Amino acid sequence: MCNIQEEITLNFDVKIKPKSKNCVKCKTAKATILIRHSTYCRKCFQHVFVGKFRKNIEKSRNASNSGSGEKVMIGFSGGPSSRAMLQLISEYNEVLPQKQFYSEIVVCHIDESLLFNNQKSTIPQIEQIVRKYNYPFIGLYLQNIYNSDVTKSGCYNNVIEIAIDDAKILQQEDSIFSPSEKLLNLLNNISKLTAKEDFIWYLKLCYLIDTARKNGCTRLFLGDCSTRLSIKIISLTSKGRGFSLPLETSGETDWFKDVIITRPMKDMLSKEIGIYNQFAGLEDIYIQSVTSMMHAKASIERLTEDFIVRLEKEFPSTVSTIARTGAKLTPSDYILEENRCIICLMPYQENNKIWQNRIIVMTIPSLQQSNGCSNIQQLHCSKNSKNPYDCSNVSNDESMTNIEFTDLLCYGCRVNMRDIKVANNKTILPPYVAEGVEEKKKKDNRKQMRKHIEEYLLCNEEEL
Amino acid sequence: MVRLCVICNKERAIVKRPKTGQQVCKGCFYYVFETEIHNTIIDSKLFKKDEKVAIAASGGKDSTVLAHVMKLLNERYQYGLELFLLSIDEGITGYRDDSLETVKRNQQQYDLPLKIVSYSELYGWSMDQIVKEVGLKNNCTFCGVFRRQALDRGAVMLDVDHIITGHNADDIAETVLMNILRGDVGRLQRCTEICTTGDGCIRRSKPFKYTYEKEIVMYAYFKKLDYFSTECIYSPNSYRGHARTFLKDLEAIRPSAIIDIIHSGEAFEIKKEVKLPTQGVCKRCGYMSSNELCKACVLLEGLNRGLPK
């Protein structure tokens with residue numbers, strides 16, 4: 001009995017599938033494109049596609065309220081999505097020649113060819129594409145993240161050297177290692193591809209934001225499409241980055257204050273972008289990653305990509321459902337501006353390290369403390385010992401234990417640090433990280449000083 | 001060369017801990033395994049003194065180890081709990097009847113009172129009969145919905161208002177992923193809570209929230225605990241299967257991924273403007289429900305009318 005019924009529903013399903021070959025929008029032209037369950041003709045497809053983009057970009061422009069036109073930067077990898085974005089932004093800005101929405105558009109690309117033996121730089125190819133638009137172009141090399149000017153102050157030349165049980169801040173000496181050597185050493189000392197990929201992404205992001213800031217751009221456009229974002233939602237979750245996930249996948253975020261990040265491609269599937277590029281004759285370039293051509297289990301990012309793309313084939317609403325779920329998440333009310341991870345610059349949760357020590361027990365405490373009560377005592381102890389900034393310890397001391405160092409990291413970066421092997425080649429983190437440590441130290445010092453004199457203060461900090 | 005345990009540095013290491021990769025001896029493995037569960041219980045203030053608690057026991061590895069560990073921790077740390085075993089007989093020949101035998105043996109070993117409630121006594125339908133009626137397509141929906149209520153009803157019969165289940169870290173991580181894939185934000189927020197409760201209803205907790213499935217098997221193996229390890233004969237659904245495979249692959253790449261996913265899940269916050277279903281009460285049976293009738297009553301009505309779903 002039930003078998004018969006199932007067959008009926010099956011037939012019914014087939015009937016819903018678009019048999020008619022006409023476009024679902026204009027109803028007249030012959031359909032040539034199938035997106036999820038709908039068929040479109042070429043003209044309507046392009047109209048819908050551009051419309052989605054305009055809607056997103058209008059929304060962000062209205063929210064920011066900048067009437068006179070702002071200076072913006074496009075993060076341009078050269079891949080299909082950012083290629084389409086470049087075209088769409090330029091078209092959008094030329095709708096009304098007398099009133100341009102953006103006063104200036106800068107295109108920025110980061111070359112990663114150093115990571116791949118003997119590969120040619122991607123900059124000449126990218127420059128050729130950008131030249132067609134007549135926009136100023138900034139070509140960067142990832143290794144130059146070690147330059148002293150890629151810092152807030154613009155001339156900070158200390159770096160962090162990671163050793164077995166401490167992390168030292170020292171003066172950077174370019175004569176010993178070139179930036180390329182330092183970057184390669186760092187990445188070679190990361191034993192797992194998951195952590196390596198993570199590191200590379202955040203170094204790039206930090207470099208882009210810094211470059212936007214230095215060039216007076218108040219907005220940075222990133223080309224993440226919905227397929228990419230849904231992969232990111234799952235991979236960030238899997239890497240323990242749920243706390244910062246809403247900031248890292250939303251259509252817009254002001255977490256970096258003076259540089260707003262906007263993702264105008266967030267509602268387009270990678271398939272749609274491919275079709276659009278083909279119709280518009282937009283050429284993209286092949287961008288290699290450290291897991292390109294590798295097995296699906298090479299890294300979490302790579303595995304997630306494989307998982308989502310395969311699932312989407314079987315269940316065509318996978319990507320849009322995940323993206324919608326992600327869009328319903330919001331940054332926590334407990335996000336504090338000062339709790340910013342010094343590596344990825346994303347917010348971290350207070351006390352998550354204590355949580356971790358409780359549910360992952362790595363040692364056995366000495367005999368007298370084996371009940372719940374003394375565990376709490378232990379908690380307090382470790383909390384105290386983790387606070388290296390008591391007032392006797394003023395910032396002259398530039399070496400810190402690894403525990404103190406990892407206190408300044410978010411959960412995800414701390415997981416990554418476990419995969420760093422301290423080898424003969426020195427593991428050196430770039431100046432912006434060292435600058436972050438010193439800034440944090442100074443802030444904590446001031447907090448301590450303030451605590452000392454608190455009872456004599458007659459007004460709060462802002463009024464001083 | 002004999003490898004020494006990295007924790008005590010005395011005994012010979014015999015396992016690599018799946019959770020941390022540390023090579024440890026048997027004694028230290030037991031210690032960290034039990035202590036992590038104890039910490040979870042203490043930190044989330046799971047129990048009150050003199051509370052009556054029912055352990056949902058299926059005879060499988062998770063609930064067998066749960067019964068063992070709860071009895072042990074209750075004595076070691078003087079929680080002062082009165083423990084019961086509560087089993088559901090779904091009426092699946094060749095599966096549940098065998099596993100219930102294991103539960104009965106556990107009852108003897110741990111000396112805990114046991115209560116068994118059956119689907120046929122509660123709903124007038126056993127799973128075997130349901131499968132005959134609806135086929136193998138949605139049968140897991142029936143089983144899942146009915147079990148939830150059956151446990152609560154069993155708890156009432158035992159005069160207990162707290163049930164603990166053997167859900168482990170893998171199960172919770174998998175549920176986090178599933179809820180993202182399905183777009184169920186209401187459940188996404190709830191699924192990482194260690195203790196859930198409808199108002200006035202029975203509390204339900206997961207002491208194994210941070211315990212790896214592999215370590216549960218390891219613990220049962222070394223302690224030679226008696227458990228039943230056959231998959232249900234009415235196979236699991238495929239979409240969840242994809243998530244499970246993905247999670248196993250993640251764990252192989254990075255063992256901490258399971259804990260990392262739970263950590264992410266705990267940090268998620270839903271936008272205030274997103275409408276979540278409000279919880280009410282079923283008009284027919286009084287069980288908590290987000291609709292007029294609870295899912296169990298809807299399914300049951302369909303069964304009794306002979307129109308599945």
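**Exercise 1. State the accessible surface of chain B and the share of carbon and sulfur atoms in that surface.**

Solution. The accessible surface of chain B is about 13,900 Å², and carbon and sulfur atoms account for 50% of it. Accessible areas follow the Shrake-Rupley method with a 1.4 Å probe, and for residues only the protein chains shown count as cover. The model is predicted: local features need pLDDT of at least 70 and side-chain atom pairs count only at pLDDT 80 or more, whereas totals for chains, interfaces and linings use all residues. Residues are numbered from 1 along each chain as its sequence is written, chains are lettered from A and ligands numbered from 1 in the order in which they are written, and side-chain values use heavy atoms, with hydrogens and water left out.

**Exercise 2. Describe the open sheet of six strands in chain B and identify the strands at its edges.**

Solution. Step one: chain B contains 12 helices and 10 strands, taken as DSSP runs numbered from the N terminus (helices H or I, at least four residues; strands E, at least two). Step two: the strand order is β5-β4-β3-β6-β8-β7 (chain B), with mixed pairing; two strands pair if DSSP finds at least two bridges between them. Step three: β5 (114–118) and β7 (195–196) of chain B each have a single partner strand, so one side of each has no neighbour in the sheet. Step four: β3 (residues 52–56) and β6 (residues 162–164) of chain B run parallel and share two bridges, with Ala54(B) opposite Ile163(B).

**Exercise 3. Determine which strands of chain B helix α6 (residues 139–158) of chain B lies across, and at what angle to β4(B).**

Solution. Helix α6 of chain B lies across β3, β4, β5, β6 and β8 (203–205) of chain B. The helix runs at about 140° to β4(B); axes are lines fitted to C-alpha atoms, for helices over the stretch in contact (heavy atoms within 4.5 Å), and angles run from 0 to 180 degrees between N-to-C directions.
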